[in-house]
Amino acid sequence: MRFAYYPGCSAQSTCKELNAATHVVASKLGLDLIELPSAGCTGSRELRAIDPDLFLALNARLLALAEANGLPLMTVCNTCTLNFLDVNKTLSEEPMRLAAVNAILAKQGLTYRGTTRVSHFLWVLLEDIGEARLRALVVRRLSGLRVAAFYGCHITRPPAHFGFVDSRNARAIETVNAILGCESIDYSGRTECCGFHTAAHEEKIAIKLTGRHIKSAKDNGAGAIVTPCPLCHTVLDTFQDQMERDLGSELGMPILHLPQLVGLAIGVAPAQLGVDHHMVPFDLALD
Amino acid sequence: MAERPQVAPAARNFGRDETGDSPAARLARLKEGDTVTAHISRWDPGTEPAPRFETYRVPYTKWMRVLEVLTYVSEEIGGDLAHRWFCANRMCGTCAVRVNGREVLACWEPVEPEMTIEPLRNAPVVRDLVIDRSGYEQRVSGLVPWLERREPYRGFPEPLTHPAMAAADKALDCISCMCCFSACPVIGLGDETKFAGPAPLVQLARVALDPRDGIDRGRIALERGAVFDCVSCYKCEEVCPVSIPIVTGSIEPLKALAFKSLPRKSRHARVFLAIVRSRGRIDPSALVLGVQRLTALRHPLRVLKLWRHGKIDPLKTLFGFRLPDIAQIRQIFEAVRGGSR
């Protein structure tokens, strides 16, 4: 199964371990990842707001690169996923804007027809690899590990677009957890916001928003939080010491990237998954 | 014409069957003669220290909505239940409550077999399900959400086209029900931020995106509305009973106006744009340093710890990483934005 792979900015800077884990886990899962050459930023939601035409063109370039290779595009970042889905939708519904974007891309020898299928690693696990094959690949069931899913926003919302129905119904991570043998716990933050998108200019929003959810996960017995998004991971992991100060209580909650959790169950060594790069240490002690 | 991508959204909908989103699916779980169990929040802040839930059992009638349950409880069971409603037709926006944790219009929401019904968040409770809207209304009026014309009114009928009003069109559907205001996590932080909140910004967008308006709405959005404190979580859109694209249709256009009016004060957006132009990709450390400047280094031990864990790479940040094909990114910037920074 071949995918064009777009790691995004965070997986190549603050969360390099995610990029490394994705490569090693994908290879074990039988995914052939073709990394896009010179993959630039998708613009977060910031560029979409301040310059929608630039946002369209930057993303169309990446979608066109995948299309030129005849490959679906896989990401490991919620916001990048939403950006690609968003641009695909706009370009498929507004031919004049597609023509304008293609006029720009033509100077780079590219054109976009709008056919690139966009998926996220989480969805690839369930839609492309499938539950049965994933279950067969598990060599070490993570029994005894109680995991809280932190979905983040941009692969569950906005509602009524891109196949999203109602974020309360999100079950994809819990489904994966069950296949891997770990127990899912319910808590306040499953589909809440980590505040990353204001974290650079207003850290306290992220700290205040997310600290309470980590505490809720802890109070409900979670041994780790797993997230499909490196932006959420950055807030949950690197800001956790500040959340502890803000809450006045110890959290010590390990935060795992989704490919890391999968990797642990399919027999990848923790060191290869880069879990030692996290600010909050994770020690896999199973029943 | 672009071909529509083939998307297989199965993993996005896991759980849909067991929880049933659509009104039809939910109503199919009840039939006449069944009982609806409602746990309703009761509280008189003047005499009671904290809210409590009281449980009521109401006979289900076909196509029953939450408002009918509240009316039944107040008229047939607990005569002193306070709740607010007027039109019962999704127009007046006064009956919003939270059902099973989600903001809804009581008049429009199908009942669940068992449900908790609570007042909206982010506003003081007057009694039971009635909230004090005055704080919200003051926020709205503080944004001057009425047309301020630069040119004198030319009299009726005023020429106005659909394309000219397209940007403001959806915002005009807002019924000020406060569902989004209650769901917004940033508003939930109280005085921690000056963020005006989704509904007040929709009210601002109604006039900011109206071609007849003539004052600097970008300045108002930034200075009075702290529009860049929106975290783009879309929780507001999830609860909007009239399906306004609040983030993409109101808040983002206001951010664009703010950036245009006050680029220096829109620091995050300006630095973000500059980094993508110069490097092709965001280096989060460069972004934080560009936005916070030297205050980003106020916790040197923390910076060292981040470095030790490979979370930051000061050398790359200071000496500039660039994508190998940065010329292609710059070409796109040039084609779309020309010389503007």
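Contact here means heavy atoms within 4.5 Å. This is a predicted model in which local features need pLDDT of at least 70, side-chain atom pairs count only at pLDDT 80 or more, and totals for chains, interfaces and linings use all residues. Side-chain values use heavy atoms, with hydrogens and water left out. The briefing covers chain A as a whole, helix H12 of chain B, and A:Ser44.

**Chain A overall**

- Chain A contains 14 helices and eight strands; helices (H or I, at least four residues) and strands (E, at least two) are DSSP runs, numbered from the N terminus.
- The radius of gyration of chain A, 19 Å, agrees with the value near 19 Å for a compact globule of 287 residues; the radius is taken over C-alpha atoms, and the globule rule is 2.2 Å times the number of residues to the power 0.38.
- Along the principal axes, the C-alpha atoms of chain A fill a box of roughly 55 × 45 × 30 Å.
- Of its 287 residues, 69% count as buried, meaning under 20% relative accessible area (1.4 Å probe, protein chains only).
- Among contacts in chain A with a separation of 6 or more, 78% come from residues 24 or more positions apart.

**Helix H12 of chain B**

- Helix H12 (residues 284-292) of chain B is largely enclosed by the rest of the structure, because seven of its nine residues are buried.
- The buried residues of H12(B) are B:Pro284, B:Ser285, B:Ala286, B:Leu287, B:Gly290, B:Val291 and B:Gln292.
- These buried residues pack against helix H9 (196-199) and helix H10 (203-219) of chain A, and also against helix H11 (267-279) and helix H14 (314-319) of chain B.
- At the start of H12(B), a side-chain oxygen of B:Asp283 comes to within 3.0 Å of the backbone nitrogen of B:Ser285.
- Just after H12(B), B:Arg293 adopts a positive phi of about 50 degrees.

- A:Ser44 is located in the loop between strand S2 (32-35) and helix H2 (46-50) of chain A.
- A:Ser44 is buried, with a relative accessible area of 14%.
- Apart from neighbours within four places in sequence, A:Ser44 is in contact with A:Phe55, A:Thr79, A:Asn83, A:His197 and B:Phe272.
- The side chains of A:Ser44 and A:His197 make a polar contact (3.2 Å); a polar contact is a pair of N or O atoms within 3.5 Å, and within protein one must be able to donate a hydrogen and the other to accept it, while residues adjacent in sequence count only if both atoms are side-chain atoms.
- The C-alpha atoms of A:Ser44 and A:Thr81 are separated by 10.0 Å, the two residues being 37 residues apart along the chain.

Conventions: Residues are numbered from 1 along each chain as its sequence is written. Chains are lettered from A and ligands numbered from 1 in the order in which they are written. Buried means under 20% relative accessible area, exposed over 50%, partly exposed in between (1.4 Å probe, protein chains only).
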